[in-house]
Amino acid sequence: MNQKLVLSVWTAILFAGSSLLAQEADVAIGRYLPPEKDSVIEIFKCGDKYCGKTVCIKDNAYPEKEKDKGVPGTPYLDHNNEDPKLRNRPNLGMVFITGFDYVGEGVYKNGKIYNPRDGKTYCGKFTSLEGGNRLDLKGTLCSITFIGKTNNWVKLGAMNLDDPRWDCTFKAKK
């Protein structure tokens, strides 16, 4: 009888601990503004991993001066992708952060970050800070992980995305 009680208590503790860890990990879920302030990125759960996609782009159209990259007035495409078959996919809605594991203490590791600005994929890690109100995202060369760049993203607050310059996946098209 005593062994069953001890086993039940340990099972309850393990279940409660894993539940708290999952809640702690999910604090990074949300929409963030990167330092360029020209897009909104949504971090979400993809299976038991964490991913990110572009949900808004400000001024999402090729300007006249970039005729060599795309048709002026049309939405930005993944024109720098190393895979020619992917160069016609839109940047808006693109999942470009994939496969991050939550390892504890606000740290997410072992994922990949695709950068549509240069068409390259990087290894990465991100850290959730200030209760999920800020993310530090670090992309590194996968072969030399000490060479990389860190960006600080801020959780989207009361920013007005109703401005027609913002093209968002969750806004009704006019």
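**Disulfide bonds in the predicted model**

The torsion about the S-S bond of C46 and C51 is about 70°, so this disulfide (a pair of cysteine sulfur atoms within 2.5 Å) is right-handed. The structure is a predicted model, in which local features need pLDDT of at least 70 and side-chain atom pairs count only at pLDDT 80 or more, while totals for chains, interfaces and linings use all residues. Residues are numbered from 1 along each chain as its sequence is written, and side-chain values use heavy atoms, with hydrogens and water left out.

In the link of C46 to C51, the S to S distance is 1.9 Å. C46 is partly exposed at a relative accessible area of 24%, whereas C51 is buried at 6%; here buried means under 20% relative accessible area, exposed over 50%, and partly exposed in between, with a 1.4 Å probe and protein chains only.

A disulfide also joins C56 to C168, with an S to S distance of 2.1 Å. C56 lies in strand 3 (residues 49–58) and C168 in strand 9 (residues 166–168), so the pair ties together parts that are 112 residues apart in sequence; strands (E, at least two residues) are DSSP runs numbered from the N terminus. C56 is buried, with a relative accessible area of 0%, and C168 is buried as well, at 1%.

The sulfur atoms of C123 and C142 are 2.1 Å apart in their disulfide, and this link is right-handed, with 115° about the S-S bond.

Key. Helices (H or I, at least four residues) and strands (E, at least two) are DSSP runs, numbered from the N terminus.
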